[in-house]
Structures are given as structure tokens and as C-alpha cells.
Amino acid sequence: MKCINRRKRNRIASIFLSFVLISGCGQEIVLENAYDTYEGIKLYGLASGEDNSTTNSFFAKNICVAGNEDLLSTNVTASLSEGAALFNLKDKTMTFGKNVHGQMYPASTTKILTAYVALKHGKLTDTATVTEENLQLETGSSICGLSVGDTTTLEELLYGLLLSSGNDAANVIADMISGNSEEFAKLMNEEAKALGATNSNFVNPHGLHDLNHYTTVYDMYLIFNAAIQNKQFETIINTNSHTGELTNASGQVVTKEWKNSNKYLNGEKTIPEGVEVVGGKTGTTSNAGSCLVLYSKKNNTPYISIVFKAENAENLYEEMTQLLGDI
């Protein structure tokens, strides 16, 4: 189903009308057809050519657009989580949607945006040295085993971030790109808003719980959809295991074994017949519940499927399997 949020559409139309009626130094501009967006395009010089043709395209041209109403399926048990969706990237449609605009805690699916920002603003060959501050994390946090004084590349850190869900790697990446986690979070929010993820707010690079750190199923689709356009990101999330190489504080080369936490890729869960799971990102905290963002393909058609706030991993993978079986 491809539908537009009516309230948002009306709000945008109202803002657009107000803006075009009052511009410059209070000069009033009258449009003959106020709701004709093409007249607005001509007014602000966006049209080109003698015939006033334009090559500009709407923001939503290449993405799935979701309304406020749930779009359910008899093949998917809706009670297994608080939010879920299935997006057909070829047809640019949402074929299943449940509470897709409700704000929820993303847990470690946050690291999708962290990786996206790092790949956009950094170089894979950039190096960083782990500080003691990078390792100041909550007890029980998921880590990839970094130690103070370890030096490694952004590429290796991304494997530790996305496979082992290393919160330590997230902190190092934030420092590498922006100098500290606070500035990196500002960059995360800038990039998220630029992708249309306007119902989200991020305050850290790893997803550990914070009341002001939240997103939505639909916003996470927008972020993940942008991330998978990067071939390096796709390569990493499709990797079952990786041997990370670091130089420790003594100058010795050491290795770390990082395994993918995705139960489809590590063989713990069965993938529905005919479906290829490329990869994704898991996330779990007591407040966020069990979460999974997934990139899959069937008959050469790509899909993004998301389950947020399942009560446990069993419910999470049960609903995700049902979504995959419904494509």
C-alpha cells in the first residue's frame, strides 16, 4: 500500500502556501493556483528550459511512503511486537505495517545510523586509538573486546560495531569522526533529518537506553535504506564472522574474532524457502525489547523488514520469519 500521511500532507501544503504568500521584504505574492506546486516551482526558479520543464523530483520519489493506518496480514501474528513493517524496495511500497510512526527505543539498531554516518564522513583506512573513556560503558554492555591503547582502522571498527554490536567500537568511531560522542550525535541527527527521519532523536552512537534516544519503524527504514546503498555496509552485514586486526599498546599485532549476531546468518534460525537474507542489525535492551532490522531478497526483489520491541528473541524471530514468508 502506498499512501500519504494526510495530516502531514495538509501541514506541508499549509506551510508552502504561507511561505509563498509572504516573501522578500513583506512583499505579497499572489498565486493564481495556490495549491499548484508547479507554479511554486516556476516562482522560485526551479524550472528550466524554454518550456519551463524541470528535472527536479519530489523527495519521496524513490522511497516507500507509509500512512498512519496499520496494514496487517493474516499470515503475520500482530501481537508479537509493538511495531513492524515490510517494505518492497522494487515497487516502493509498504506491504505490511504496524505502528510504524510510533516512537520507540532502537537499542543497538542505532548502530546502522552510526555506520552510515561513519562511512559518509570517514575513510575506511582512517585509524584511531582506543581511550579509557571509550570503554566507560554500562555493566553487561555488548562489546567487541577493545582495550586501551589498541589502534585500528575504521573498517575494522565497523566490523566490530555491526557484527558483535560493540558499544566500545561505537564510542571510538564517534571520537574518530567528530571528536566526541556529543558532537557525533549532532551529526547523526543532521543526517537522519536529511533522510526524512523527522520523528527520531539520537543522543549516543550505540543505543544504550536514554529517554531522549528514540526512533520509529518508518524512520529506521529510511536510515537503513540509505545505509544499504553503500556496498561496504552491505558487505559487512552479510559477513558471518570476521577476524579483526589491531595493534595493541605494546605495538604487537593482535586479532579479535567477531561473529554476526543475526540468527539467520549464523544458522540458529531457518530462513523461509526462496528468501535470501543479506544481513541487518539486531538490538536488545530492557526498555527497547528485542529488535531486528533486516535486508533480504526474493526473486531478485529487495526487501527491508523491521520488528521493534518484541518481548523476547523467540517472538522477534517468529514475527520476522512470518514477514519473510509473506513476501
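How many of the 327 residues in the chain are buried, as a percentage? Buried residues make up 51% of them. Keep in mind that this is a predicted model. The chain has nine helices and 11 strands, and its accessible surface comes to about 15,900 Å². Carbon and sulfur atoms account for 47% of that surface. As for how the chain folds back on itself, take the contacts with a separation of 6 or more: 61% of these are between residues 24 or more positions apart.

| Helix | Residues in helix | First to last C-alpha | Expected span | Buried |
|---|---|---|---|---|
| Helix 3 (residues 110–121) | 12 residues | 17 Å | 16 Å | 10 of 12 residues |
| Helix 5 (residues 167–178) | 12 residues | 16 Å | 16 Å | 10 of 12 residues |

With 10 of its 12 residues buried, helix 3 is largely enclosed by the rest of the structure.

The buried positions here are N167, D168, A169, A170, N171, V172, I173, A174, M176 and I177. What sits over them? The cover includes helix 3, strand 5 (127–129), helix 4 (154–162) and helix 6.

**Where helix 5 meets helix 6**

Two packed helices are described by the angle between their axes and the distance between the axes. For helix 5 and helix 6 (residues 181–194), the angle is about 80° and the axes are 8 Å apart. An angle from 65 to 115 degrees counts as roughly perpendicular, and that is therefore how helix 5 and helix 6 lie to each other.

On the helix 5 side, the contact uses N171, A174, D175, I177 and S178. Helix 6 brings S181, E183, F184 and L187. Sorted by type, the residues of this contact are four nonpolar, three polar and two charged. N171, A174 and I177 are also among the buried residues of helix 5. Just after helix 5 comes G179, with a positive phi of about 100°.

**Loop residues worth a look**

Two asparagines have a positive phi, and neither is a glycine, of course. N99 has a phi near 55° and lies in the loop between strand 4 (93–98) and helix 3. N299 has a phi near 50° and lies in the loop between strand 10 (289–298) and strand 11 (301–310).

Is N299 buried or exposed? N299 is exposed, at a relative accessible area of 68%. N99 is partly exposed, because its relative accessible area is 32% and that category runs between 20% and 50%.

T216 is also a loop residue, placed between helix 6 and helix 7 (217–227). T216 is buried, with a relative accessible area of 0%. Which residues does T216 touch? Leaving out residues up to four places away in sequence, they are V100, H101, G102, Q103, N199, S200 and F308.

Definitions and conventions. Residues are numbered from 1 along each chain as its sequence is written. This is a predicted model: local features need pLDDT of at least 70, side-chain atom pairs count only at pLDDT 80 or more; totals for chains, interfaces and linings use all residues. Side-chain values use heavy atoms; hydrogens and water are left out. Axes are lines fitted to C-alpha atoms, for helices over the stretch in contact, and angles run from 0 to 180 degrees between N-to-C directions. Helices (H or I, at least four residues) and strands (E, at least two) are DSSP runs, numbered from the N terminus. Angles under 35 degrees count as roughly parallel, over 145 as roughly antiparallel, 65 to 115 as roughly perpendicular and the rest as oblique. Contact means heavy atoms within 4.5 Å. Ala, Val, Leu, Ile, Met, Phe, Trp, Tyr, Cys and Pro count as nonpolar, Asp, Glu, Lys and Arg as charged, and the others, Gly among them, as polar. Buried means under 20% relative accessible area, exposed over 50%, partly exposed in between (1.4 Å probe, protein chains only). Accessible areas come from the Shrake-Rupley method with a 1.4 Å probe; for residues, only the protein chains shown count as cover. The expected span of a helix is 1.5 Å times one less than its number of residues.
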